[in-house]
Amino acid sequence: MEQVTILLTGGTILTMNDDLDVITNGALAIKDEKIVAMGPTEDITSRYQAQTTLDCSGQYILPGLVNAHTHVPMTLLRGMADDLRLDVWLMGYIMPVEREFVSPEFCQLGTRLACAEMIRAGVTSFADMYYFESDIARIVDEVGMRAMLCESILKFPTPDASTYEESLAYTQSFIEEWQGHPRITPTVAPHAPYSNTRETLEKSTALARDNNLPLMIHIAETQREVDDMKAERSMRVVNWVKEVGVLDVPIIAAHCVHIDEVEMRMLKASGASVAHCPSANLKLASGIAPVSQMLDLGLNVAIGTDGPASNNDLDMFEEMRLAALVAKVNPIDPTAVPAHTALTMATRNGAKALGLEGKVGVLASGMLADVIVIDAQTTHNTPHFDHNPQAVYSQLVYASKSHDVRHTICHGKFLMKDRQLTTLDEAAIAKEAAAFATEVGQFLSEREENTLSKLIAVGIDVERSESFEVQIKAILDDPSQIENLLSHEYVDVIRAVHYRQYDSYFIFNDAEGSRVRYREDDGIDSTGNVASVRMRLTYTSATKERAFHDTILLSHSRFIAPASHPLRFYEEYFKASEERQLQKERRRWHIHYQGTLFYVNLDRVTEPALDDLYIEIKARTWSQKDAENKADMIREMMAIIGVESTDVVHQDYLDMAKNEITG
Ligand SMILES: [Zn+2]
């Protein structure tokens with residue numbers, strides 16, 4: 001009798017080989033990290049004896065599942081912000097929290113939590129994309145799972161690098177440190193074409209190519225990504241990554257929700273794999289990837305959970321089931337992606353995607369022993385139809401649950417035996433994760449209470465503007481009166497501009513009296529055409545006012561930032577108590593009056609329309625004395641124009657517009 005480490009006997013073995021052979025009453029012998037024999041139980045037990053023999057009758061024995069795309073430390077952000085659009089979710093919540101909290105300790109704890117969850121659900125291999133991958137690798141090494149770990153490269157600063165040069169250097173040393181590990185493949189992940197430049201894509205690819213490694217990248221997750229790419233480069237997303245050279249190495253292309261047949265063929269020709277992530281695509285309403293078309297063209301499609309903040313779990317049973325179900329929707333074809341195909345995607349196709357073809361993903365003598373055992377005798381999996389060879393796949397994909405997994409073996413070692421994890425302390429992980437969630441919760445609730453900190457969280461270049469202003473506003477009966485001032489001997493006109501301004505005000509009922517204005521400033525040229533467009537956000541809190549006769553001294557707390565997202569983003573992100581629109585035509589002059597700088601605005605509010613034309617004169621100021629002097633000068637200028645003091649108004653346009661509507 002030959003001595004082996006583990007014998008699994010009496011189970012139904014799903015080999016997932018080319019012929020999808022199933023062995024009923026089968027046994028599997030594992031010696032060290034490898035499967036050494038497989039066949040009918042009687043045959044195997046007559047030749048082998050083991051330190052550990054498990055009776056698997058009434059159970060399925062199959063290859064460990066492969067999660068082909070995830071971000072494991074994000075388990076710690078699970079449930080933090082949900083049911084939001086991708087940009088609001090990512091830029092408004094996930095990235096600000098990541099900037100604040102992601103550290104080596106965060107990644108280690110998040111990886112422990114994720115590994116515990118995946119081992120419980122029968123996953124033995126995964127492909128990760130995140131930061132501090134070197135810390136993630138240390139945990140994966142300890143825990144005993146198999147993984148392709150991809151360090152993220154972005155054109156923006158990341159939690160572990162302030163520049164992409166730093167990221168690339170980090171990735172290089174991460175690869176050197178871990179390459180050759182029996183279970184870990186260290187590599188690189190340019191996050192996505194839209195979050196990288198041509199140069200960062202090229203350099204990331206070179207790093208993978210020079211080290212003979214695959215790489216991971218998000219591709220065509222949303223229609224917007226495709227539209228932006230077409231607008232910017234007049235091509236589709238896969239065409240662009242091919243042009244840049246990314247397809248020179250085998251890639252895992254996560255999502256591929258919006259790719260056409262030409263792109264599918266390009267991916268296939270390059271040896272790429274697609275990581276289909278149905279839960280995340282459904283939850284973020286990105287769409288349904290054309291998986292059966294990809295499979296028909298011979299493209300290798302694996303399945304991933306994506307990060308647990310957008311799923312919200314790492315359950316490959318759920319993903320397999322969804323992969324089979326959603327594939328049937330668009331072609332209206334119940335035969336699309338049958339159960340055995342979904343299981344193939346989650347096992348051998350996943351192995352191929354991770355560069356592990358011929359090593360894991362199929363059960364056969366000589367393969368690495370990544371094996372799971374699943375209870376088939378549960379109520380939700382009763383009864384069984386032995387006459388139909390396909391029934392076993394239906395049971396697994398449409399009825400089995402992740403908690404039916406009894407044993408998880410990776411690289412010949414038990415990571416879970418009889419539902420007990422062998423390498424992780426779940427109670428300790430849960431306690432640490434709870435403490436972390438409390439901290440993040442405090443950070444977010446403080447931020448949510450304060451509109452300015454919410455603005456700063458999404459505005460990269462928030463700049464504090466002037467804090468004191470002296471100004472007057474009045475009705476102007478005749479626009480030509482302005483010439484009295486502009487042609488006056490004391491006045492030098494420095495600059496004259498014409499704008500059409502589209503303002504959306506977000507009004508908050510908070511203690512600060514916060515307002516955020518989203519303004520589209522269309523610069524109008526002398527022929528009346530739009531010559532420039534600029535979008536800006538301005539935050540103001542309640543204004544403290546002091547009057548000098550007719551003039552008003554305003555004390556602002558004011559912050560200005562370029563608006564890099566569409567208006568809809570800010571609407572969904574700020575969730576203001578009220579939103580109001582205002583449009584106006586503004587002619588603006590920068591003038592020196594007796595050598596002092598003033599701004600003169602001639603405004604016509606067009607929406608909601610106000611009957612009168614208004615003139616504003618304002619100047620920045622810094623002291624009480626200066627404010628009083630400038631207030632006097634403004635009154636002199638109003639007299640030159642011919643404005644009566646009875647024409648002076650104290651309300652702002654927004655309030656006048658409101659009175660106009662309500663009154
Ligand atoms: Zn992802």
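Guide: Angles under 35 degrees count as roughly parallel, those over 145 as roughly antiparallel, those from 65 to 115 as roughly perpendicular, and the rest as oblique. This is a predicted model, in which local features need pLDDT of at least 70 and side-chain atom pairs count only at pLDDT 80 or more, while totals for chains, interfaces and linings use all residues. Residue numbers start from 1 along each chain as its sequence is written.

Visitor: OK, so which way do H5 and H6 run relative to each other?

Guide: Helix H5 (residues 164-178) and helix H6 (residues 198-210) pack at an angle of about 10°, with axes 11 Å apart, and they are therefore roughly parallel to each other. The helices are DSSP runs of H or I with at least four residues, strands are runs of E with at least two, and both are numbered from the N terminus. An axis is a line fitted to C-alpha atoms, for helices over the stretch in contact, and angles run from 0 to 180 degrees between N-to-C directions.

Visitor: Which residues of H5 and H6 meet?

Guide: Tyr164, Leu168, Thr171 and Gln172 of H5 meet Thr200, Lys203 and Leu207 of H6, where a contact requires C-beta atoms, placed from the backbone, to lie within 7 Å. By class, the contact of H5 with H6 has 3 nonpolar, 3 polar and 1 charged residues. Ala, Val, Leu, Ile, Met, Phe, Trp, Tyr, Cys and Pro count as nonpolar, Asp, Glu, Lys and Arg as charged, and the others, Gly among them, as polar.

Visitor: What about H12 and H13, at what angle do they pack?

Guide: Helix H12 (residues 316-326) and helix H13 (residues 339-353) pack at an angle of about 135°, with their axes 9 Å apart, and are therefore oblique to each other. H12 passes H13 in a right-handed crossing, a term used if the near helix is turned clockwise from the far one by less than a right angle, with anticlockwise making it left-handed.

Visitor: And which residues make that contact between H12 and H13?

Guide: H12 contributes Met316, Met320, Ala323 and Ala324, and H13 contributes Ala339, Ala342, Leu343, Met345 and Ala346. In terms of class, the contact of H12 with H13 has 9 nonpolar, no polar and no charged residues.

Visitor: Let me step back. How many helices and strands are in the protein chain?

Guide: The protein chain has 20 helices and 29 strands, and its C-alpha atoms fill a box of roughly 110 × 50 × 50 Å along the principal axes. Of its 663 residues, 46% count as buried, meaning that 20 or more other C-beta atoms lie within 10 Å of a residue's own, whereas 12 or fewer make it exposed and anything in between partly exposed, with C-beta atoms placed from the backbone.

Visitor: Into which domains is the chain divided?

Guide: There is domain 1 (1-63 + 361-418), domain 2 (65-357) and domain 3 (460-662), with bounds that come from an automatic or database domain assignment. The C-alpha centres of domain 1 and domain 2 lie 29 Å apart, and the contact takes 25 residues from domain 1 and 29 residues from domain 2.

Visitor: Which elements give two or more residues to domain 1's side of that contact?

Guide: They are strand E5 (59-63), strand E14 (371-375), helix H14 (391-399), strand E15 (405-410) and strand E16 (413-417). H14 gives the most to this side, with 5 residues, and the side divides into 15 nonpolar, 7 polar and 3 charged residues.

Visitor: New topic: where is Asp83, and is it buried or exposed?

Guide: Asp83 lies in the loop between strand E6 (65-70) and helix H2 (86-101), and it is exposed, with 8 other C-beta atoms within 10 Å. Its phi is near 60°, a positive value in a residue other than glycine.

Visitor: What is the phi of Asp32, then?

Guide: Asp32 has a positive phi of about 50° although it is not a glycine. Asp32 is found in the loop between strand E2 (22-31) and strand E3 (34-40), and is partly exposed, with 13 other C-beta atoms within 10 Å.

Visitor: Last one: which residues does the cis peptide bond with omega about -10° join?

Guide: That bond joins Glu607 and Pro608, and Pro608 is found in the loop between strand E27 (596-607) and strand E28 (613-620). The peptide bond from Asn311 to Asn312 is also cis, with omega near 15°, and Asn312 lies in the loop between strand E13 (300-303) and H12.

Terms used:
Two residues are in contact if their C-beta atoms, placed from the backbone, lie within 7 Å.
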